[in-house]
Amino acid sequence: MNQAIIWAALGTGFAFLMTSLGAGVVFIFRKEMGKNVQRAFLGFAAGVMIAASVWSLLLPAIDRTIEMGGIGWIPASGGFLLGGVFLTLMDLLMPHLHLGEAAAEGVRSSFHRTTLLVLAVTLHNIPEGMAVGLAFAMAAQHPEDPSLYAAAFALAVGIGIQNFPEGAAISLPLRQEGMSRFRAFVFGSLSGLVELIFGVGITLAASFIEPFMPWFLAFAAGAMIYVVAEELIPEANQGEHSNLGTAGVMTGFLIMMILDVALG
C-alpha cells in the first residue's frame, strides 16, 4: 500500500502541477480569458470527467463487484447516487461563487468574492482527487492485474490535462477582481491542492474500505457527474456560440476515452 500512496501522490501531484501551470498564464495574459475560449475549456473539462466517470470508475466498480460475487449494478448505482447527494449538500452548504455569477451560493458568509471564486473551483476538485486516489489504491490491491496501474495513470493524465484550463479560469478572473498577479497565481494553484489532499487521504484509507471499493469508485463518479451537469456544461453553453462548448465536451470525452482504453 505504501507504493499506492506514492503513486497516488505522484498522480494527484501531477494534477496539482497542471493547475499551477494553468494559473501561471496570469503572468502572460493581461486580459480576461475570452468567452469562447472559456466555453471550450469548460466543455473540455466536462468531457474528460464524463469519460473518466464511465471508464475509470463505474465500469471498474461493476467489474470488481462481479469478481467478488456480487450484483454489479447495485454498488455502481448506489455509490453514484450517494456521490450526487454529497455534492448537492456541499453545494448547498459551502459558500462559493461561480464564474460569471453575481450572487454567491451556499450558506451566507462574509467571504470576499475572490475567496468565493476559489471555493467554487475547490468544490469540484474534491471528487477528481478522490477518483485518482481510488484508482491507484485499487491497482495496489490487485497487483496481479498490471493494467490497473496503467488505467490509474491514464486517469491522472486526463484529470491533469483538464486542470490546466481550470487553473487559468480561476487565476485570470482573480486578476480582474484587482488581485496582484502573484496572489492570483497562488490562489489559482491552491484551488488544485485539494486534489492532492483527498487523493492521498483516500489512498491511506483504502485498506479499511477495500470491501466497499466499488461503492467509493461509483461515489466519485456520481460526484463528478454532478459537477458536470450542475456547473460545467451549463457554463460552457451560455450565450452565443454554445457549439464551442459542445465541441469541447466531445473533444475531452474522446481524449479521455482513448487514454483509458489505450493504456488501461
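**View 1. The crossing of helix α4 and helix α9 is left-handed, that is, the near helix is turned anticlockwise from the far one by less than a right angle.** In this predicted model, local features need pLDDT of at least 70, side-chain atom pairs count only at pLDDT 80 or more, and totals for chains, interfaces and linings use all residues. Residues are numbered from 1 along each chain as its sequence is written, and side-chain values use heavy atoms, without hydrogens and water. The axes of α4 and α9 (residues 213–236) lie 9 Å apart at an angle of about 150°, the axes being lines fitted to C-alpha atoms over the stretch in contact and the angles running from 0 to 180 degrees between N-to-C directions. The two helices, α4 and α9, are therefore roughly antiparallel, a term for angles over 145 degrees.

**View 2. Helix α1 (residues 2–23) packs against helix α4 (residues 113–141), their axes coming within 9 Å and crossing at roughly 150°.** The crossing of α1 and α4 is right-handed. In contact (heavy atoms within 4.5 Å) are A4, W7, A8, G11 and T12 of α1 with G129, V132, G133, F136, A137 and A140 of α4.

**View 3. Helix α1 has buried residues, among them A4, I5, A8, G11, T12 and A15, where buried means under 20% relative accessible area with a 1.4 Å probe, protein chains only.** The cover over the buried residues of α1 includes α4, α5 (147–176), α6 (181–190) and α7 (193–204).

Notes: Helix = DSSP H or I, 4+ residues; strand = E, 2+ residues; numbered from the N terminus. Buried < 20%, exposed > 50% of the residue type's maximum accessible area, 1.4 Å probe, protein only. Parallel < 35°, antiparallel > 145°, perpendicular 65-115°, else oblique.
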